[in-house]
Amino acid sequence: MSDEPKVIDARNTFCPGPLMELIAQMKQAEVGEEMELLSTDKGSAEDVPEWINKVGHEVISNEEKDGVWRIRVRKLK
Amino acid sequence: MRILIIGGGMGGTILGNNLARRLKGELKAGKAKITMLSASDQHMYQPGLLYVAVGQMTPDQLYRDQRGLLEPGIDFEVDPVEEFDLDNNRVKTKAGKTHEYDILAIATGSRIVPEAIPGLAENAEFFYTEESAVKMFKRLREFEGGKVVITVGVPHKCPMAPLEITFMLNDYFKDRGIRDKVQLHYTYPIGRTHSLENVAKWATPEFERLGITYETLFNMKEVDGKNKVLKSEEGTETNYDLLIAIPAHKGMEVIEKNNLGQSGWIPTDRHRLNMEGRDNVFVLGDTTNLPISKAGSTAHFEAEAIAENIASIVKIGVPVRDYDGKVFCFIEAGKDRATYAMFNYQNPPDPKPPTKAVHWFKMAYNQLYWASARGLL
């Protein structure tokens with residue numbers, strides 16, 4: 001897979017919100033594809049990994065800098 | 001300046017009318033021309049389908065003649081676009097006609113794709129088309145009791161619809177005197193009952209007060225119609241007697257076929273609302289790939305910003321306004337109470353407790369919409 005993940009820029013959006021955006025993008029992604037979600041919602045740091053783990057995908061990294069969470073994930077199935 | 005608007009839904013219509021008023025002098029002098037191409041000669045008030053599904057409106061109340069809604073200065077043709085040639089500023093229609101433009105606005109909307117989930121189209125009721133909303137109401141009339149599951153696909157149009165239909169079903173069965181025989185069960189894709197945190201904070205205790213059960217982090221995977229079981233991506237399942245779905249949506253096929261955007265959503269600048277890499281192509285309403293609500297009000301407010309900008313491009317050569325992400329959604333909390341959520345890119349909503357006054361304002365807006373579409377409200 002490419003080293004450059006598809007970036008989902010959900011900063012400063014409330015509805016449908018970062019996790020819903022990620023779910024929509026994951027549905028149309030290929031297995032093995034990586035994505036990076038940008039979010040200014042601090043709740044994303046917890047609810048995104050919770051969903052990713054529950055469905056069985058992979059969280060590669062989860063970092064915050066200057067109020068922006070960058071959560072990199074990989075579709076596994 | 002030739003301005004071409006593709007789509008005669010809420011976004012395209014408000015844009016055309018607003019623009020025609022702003023450019024009245026230029027249209028009269030022949031310095032500007034506005035053309036709208038649409039797939040239908042009818043304009044549907046789509047939010048009304050929710051009411052059709054519970055027997056509060058009939059389909060004929062949702063339609064007006066599209067030409068009659070438009071300012072006289074707009075050339076309107078029922079001839080949908082099939083090919084976009086953005087490099088040469090022209091489109092080709094189903095009838096084989098070529099339209100050249102200086103500025104293009106794409107407002108083709110979205111569609112449900114229940115077929116994306118195995119078993120869903122055959123076994124669930126929907127209310128996102130006239131036919132399905134009428135069919136759903138007929139099923140509700142026949143329903144005498146059991147478990148009703150309301151389930152939600154991603155992405156979907158009208159973010160309040162899942163909650164609204166649930167609260168309206170609660171009142172519908174109560175009015176029929178069979179609420180005690182009906183279990184209402186709501187599923188939602190993320191870890192709370194609504195994407196907007198403040199809306200979820202209001203809706204969750206309402207569910208508990210009304211005896212509506214719910215399961216979060218539930219994304220539809222497949223429907224086993226034989227055994228009446230809905231299965232989730234997360235590995236859980238729920239049985240049902242009546243399945244009501246808010247299906248996932250996609251943009252229109254013509255957008256995908258012309259490679260303008262994955263799943264029919266066109267990459268769009270969130271403030272300028274132009275297609276990424278194309279200064280003379282604007283995108284509005286459901287057609288954008290913006291991570292904001294796919295709702296009529298979004299299309300409305302985007303249309304106003306784009307109209308102001310196209311008019312200023314004609315008059316002074318540059319756009320003047322940025323879209324601030326404004327969205328306004330009514331939230332029906334039953335048959336006779338409602339609240340609303342208003343927000344933009346910077347400010348989250350803070351919905352107030354539902355009142356009868358807001359519900360009656362929404363009832364009034366269902367009629368006022370036609371003034372809105374004409375660009376008067």
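Which residues point one way from S18(B), and which the other way? B:Leu242, B:Ile244 and B:Ile246 take one side, B:Leu243 and B:Ala245 the other, and all are buried. Buried means that 20 or more other C-beta atoms lie within 10 Å of a residue's own; exposed means 12 or fewer, partly exposed is in between, and C-beta atoms are placed from the backbone. In a regular strand the side chains alternate between the two faces of the sheet.

This is a predicted model: local features need pLDDT of at least 70, side-chain atom pairs count only at pLDDT 80 or more, and totals for chains, interfaces and linings use all residues. Residues are numbered from 1 along each chain as its sequence is written, while chains are lettered from A and ligands numbered from 1 in the order in which they are written.

Stay with S18 of chain B, residues 242-246. Five of its five residues are buried, so the strand is largely enclosed by the rest of the structure. Strands (E, at least two residues) and helices (H or I, at least four) are DSSP runs, numbered from the N terminus. Strand S12 of chain B, residues 146-152, pairs with S18(B) in the parallel sense over five bridges. Pairing requires at least two DSSP bridges between two strands. Here B:Ile150 has B:Ile244 as its bridge partner. S11 of chain B, residues 124-125, also runs parallel to S18(B), joined by two bridges. B:Ala124 stands opposite B:Leu243.

Now the helices of chain B. The axes of H1(B), residues 10-22, and H10(B), residues 296-316, come within 8 Å and cross at roughly 30°. Axes are lines fitted to C-alpha atoms, for helices over the stretch in contact, with angles from 0 to 180 degrees between N-to-C directions. The two helices are therefore roughly parallel to each other; that label covers angles under 35 degrees, with over 145 roughly antiparallel, 65 to 115 roughly perpendicular and the rest oblique. The contact includes B:Ile14 and B:Leu15 of H1(B), and B:Ala303 and B:Ile306 of H10(B). Contact means C-beta atoms, placed from the backbone, within 7 Å.

Turn to chain A. A:Val68 lies in strand S4, residues 68-74. A:Val68 counts as partly exposed because it has 14 C-beta neighbours inside 10 Å. Leaving out residues up to four places away in sequence, A:Val68 touches A:Arg11, A:Leu38 and A:Thr40. A:Asn53 is 15 residues from A:Val68 in sequence and 21 Å away in space, C-alpha to C-alpha.

Notes: Contact = placed C-beta atoms within 7 Å.
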